[in-house]
Amino acid sequence: MELVVKGMNCGHCEAAVQRAVKRVEPQAGVVIERAQGRVSITDATDAKGVESAIRQEGYEVSAVE
Ligand SMILES: [Cu+2]
């Protein structure tokens, strides 16, 4: 799953997004390219759950087709 996450400004933001994904999908692989606002997630099934967990951390999320 590929997401665009707006508002990640520093390593702390990156860690917060990473934690949010892992909370919903502990087994997922998460690769974050902060400069591009790109989050690539592998081995995740609950896309809506992941998006809403990231939103709860205060970031704007949209899915990339
Ligand atoms: Cu930050």
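Student: What covers the buried residues of α1?

Tutor: The cover includes β1 (2-6), β2 (29-33), β3 (38-42) and α2 (47-56). This is a predicted model: local features need pLDDT of at least 70, side-chain atom pairs count only at pLDDT 80 or more, and totals for chains, interfaces and linings use all residues. Residues are numbered from 1 along each chain as its sequence is written.

Student: How are helices and strands assigned?

Tutor: They are DSSP runs, numbered from the N terminus: helices are H or I with at least four residues, strands are E with at least two.

Student: What span should helix α1 have, and what is the distance between its end C-alpha atoms?

Tutor: The expected span of a helix is 1.5 Å times one less than its number of residues. Helix α1 covers residues 11-24, which is 14 residues, so it should span 20 Å. Its end C-alpha atoms are 21 Å apart, which agrees.

Student: Which residues of α1 are buried?

Tutor: Start with the rule. A residue is buried if 20 or more other C-beta atoms lie within 10 Å of its own, exposed if 12 or fewer, and partly exposed in between; the C-beta atoms are placed from the backbone. In α1, V17, A20 and V21 are buried. Seen down the axis of α1, these buried residues fall within an arc of 95°, so they line one face of the helix. That arc is taken from the directions from the helix axis to the C-beta atoms.

Student: Which residues are exposed on the other side of α1?

Tutor: G11, H12 and A15 are exposed there.

Student: Where does Q18 lie, and what is it in contact with?

Tutor: Q18 lies in helix α1. It has 17 C-beta neighbours inside 10 Å, so it counts as partly exposed. Contact means that two C-beta atoms, placed from the backbone, lie within 7 Å. Leaving aside neighbours within four places in sequence, Q18 is in contact with V30 and I32.

Student: How are two packed helices described?

Tutor: Two packed helices are described by the angle between their axes and the distance between the axes. Axes are lines fitted to C-alpha atoms, for helices over the stretch in contact, and angles run from 0 to 180 degrees between N-to-C directions. Here α1 and α2 pack at an angle of about 140°, with their axes 8 Å apart. The two helices are therefore oblique to each other. For the cut-offs, angles under 35 degrees count as roughly parallel, over 145 as roughly antiparallel, 65 to 115 as roughly perpendicular and the rest as oblique.

Student: Is the crossing of α1 and α2 left-handed or right-handed?

Tutor: A crossing is left-handed if the near helix is turned anticlockwise from the far one by less than a right angle, and right-handed if clockwise. α1 passes α2 in a right-handed crossing. From α1, the contact uses V17, A20, V21, R23 and V24. From α2, it uses G49, V50, A53, I54 and Q56.

Student: Which residues of α2 are buried?

Tutor: V50, E51 and I54 are buried. Seen down the axis of α2, they fall within an arc of 95°, so they line one face of the helix. They pack against β1, α1, β3 and β4. On the other side of α2, K48 and Q56 are exposed.

Student: How many C-beta neighbours does V50 have inside 10 Å?

Tutor: V50 has 26, so it counts as buried. Leaving aside neighbours within four places in sequence, V50 is in contact with V21, V24, E25, I41 and A44.

Student: Where is I41 found, and what does it touch?

Tutor: I41 is found in strand β3. With 20 C-beta neighbours inside 10 Å, I41 counts as buried. Not counting residues up to four places away in sequence, it touches M1, V21, A28, G29, V30 and V50. The C-alpha atoms of I41 and V30 are separated by 4.7 Å, and the two residues are 11 residues apart along the chain.

Student: What is the phi of D43?

Tutor: Phi of D43 is near 60°, a positive value in a residue other than glycine. D43 sits in the loop between β3 and α2. It has 10 C-beta neighbours inside 10 Å, so it counts as exposed.

Student: Which residue with positive phi follows α2?

Tutor: G58 follows α2, with phi near 105°.

Student: Where is the place of Y59?

Tutor: Y59 is in the loop between α2 and β4 (60-64). With 19 C-beta neighbours inside 10 Å, Y59 counts as partly exposed. Its contacts, leaving aside neighbours within four places in sequence, are V5, K6, G7, M8, V17 and I54. Y59 and K6 are 53 residues apart along the chain, with their C-alpha atoms separated by 5.9 Å.
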